[in-house]
Amino acid sequence: MRALVVVGLLAVTALVFVVVAVVRDTQSSAGIAEDCPEGWPVADVRLREQKDVKINVYNGTDEVGLAGGVADDFRNRNFQVKKEGNAPKTDQVAVLRYGPKGVGSAHLLRAYFLNNAKLEPDLKRKDDTVDVILGNGFQQLATTTEVNQSLGDLGSPEAPAGTCAGPVK
C-alpha cells in the first residue's frame, strides 16, 4: 500500500512540473522579432528546400549560353527557374539579389557557390524570387556533398541589416 501512495505522489509531482513548464515556456515566441522597429520588413529566414526556391538566372559574362546551361543544372536539382537572360558584366563568382522573403532561398543558393557569391539584399523587393547573376569567376555549381558541407559551414540564415527575422517554424 505504501508503494502505491509513493507512486501516486510521484505521478502528481511530475504532472505539476509538466504543467508549470508548459505555462512558463518562453520559447513560444522564439524567432519572432519583438523589438522590430516599425516599418522594417520581416525577413523569411527559414532554410528552403530546392523545390521551394524560385530563381532567375542571368549571364554576367561574355560566355554565350551560360545562363541557359546553369538554369538547366538548377532545374535538374529541382529548383524553380522562372527566367533566363543577360545582365551587366561582373567579375564575381555570382551575385545573389533577393528581398526579405528570399533570405532563406538565397542562403541555400549561396552554398551552391561555396559561399563565394556576393549577396545583394533589396529591402524594397516584395517577391521571394532570387536573381542569380553568374560572373566571370563562375566555374560550376557545387556537388551535393559540397553543398551540404557549405551549408554546415554557413550555419543558419540571418536577416539582412534593416530587416527583422521572422518566426522560424
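Residues are numbered from 1 along each chain as its sequence is written. In this predicted model local features need pLDDT of at least 70 and side-chain atom pairs count only at pLDDT 80 or more, while totals for chains, interfaces and linings use all residues; side-chain values use heavy atoms, with hydrogens and water left out.

Trainee: In what order do the strands of the open sheet lie?

Mentor: Strands (E, at least two residues) and helices (H or I, at least four) are DSSP runs, numbered from the N terminus, and two strands pair if DSSP finds at least two bridges between them. The edge strands, each pairing on one side only, are S3 (80-86) and S5. The pairing in this open sheet of five strands is mixed, and the order is S3-S2-S6-S4-S5.

Trainee: Which residue in S5 is the bridge partner of Val95?

Mentor: S4 (residues 94-98) pairs with S5 (residues 117-121) in the parallel sense, over five bridges. Within S5, the bridge partner of Val95 is Lys118.

Trainee: What handedness has the β-α-β unit made by S4, H3 and S5?

Mentor: H3 lies across S2, S4, S5 and S6, at about 170° to S4; axes are lines fitted to C-alpha atoms, for helices over the stretch in contact (heavy atoms within 4.5 Å), and angles run from 0 to 180 degrees between N-to-C directions. A crossover is right-handed if, with the strands pointing away from the viewer, the path from the first strand over the helix to the second runs clockwise. The unit formed by S4, H3 (residues 103-112) and S5 is right-handed.

Trainee: Why is the pair of Phe113 and Phe138 edge-to-face?

Mentor: Rings of Phe, Tyr and Trp (its six-membered ring) pair if their centres lie within 6.5 Å; planes under 30 degrees apart count as stacked, over 60 as edge-to-face and the rest as tilted. The ring centres of Phe113 and Phe138 are 5.9 Å apart and the planes stand at 65°, so this pair is edge-to-face.

Trainee: Is Phe138 buried or exposed?

Mentor: Buried means under 20% relative accessible area, exposed over 50% and partly exposed in between (1.4 Å probe, protein chains only). Phe113, at 3% relative accessibility, counts as buried. The relative accessibility of Phe138 is 12%, so Phe138 counts as buried.

Trainee: Which residues do ring pairs link into a cluster?

Mentor: The aromatic pairs number five. Phe74 and Phe79 make one that is edge-to-face, with 5.0 Å centre to centre and 80° between the planes, and both residues are buried. The cluster linked by ring pairs consists of Phe74, Phe79, Tyr112, Phe113 and Phe138.

Trainee: What is the relative accessible area of Ile55?

Mentor: Ile55 is found in S2 (residues 54-59). Beyond its neighbours within four places in sequence, Ile55 is in contact with residues including Phe74, Phe79, Leu109 and Val132. Ile55 is buried, and its relative accessible area is 0%.
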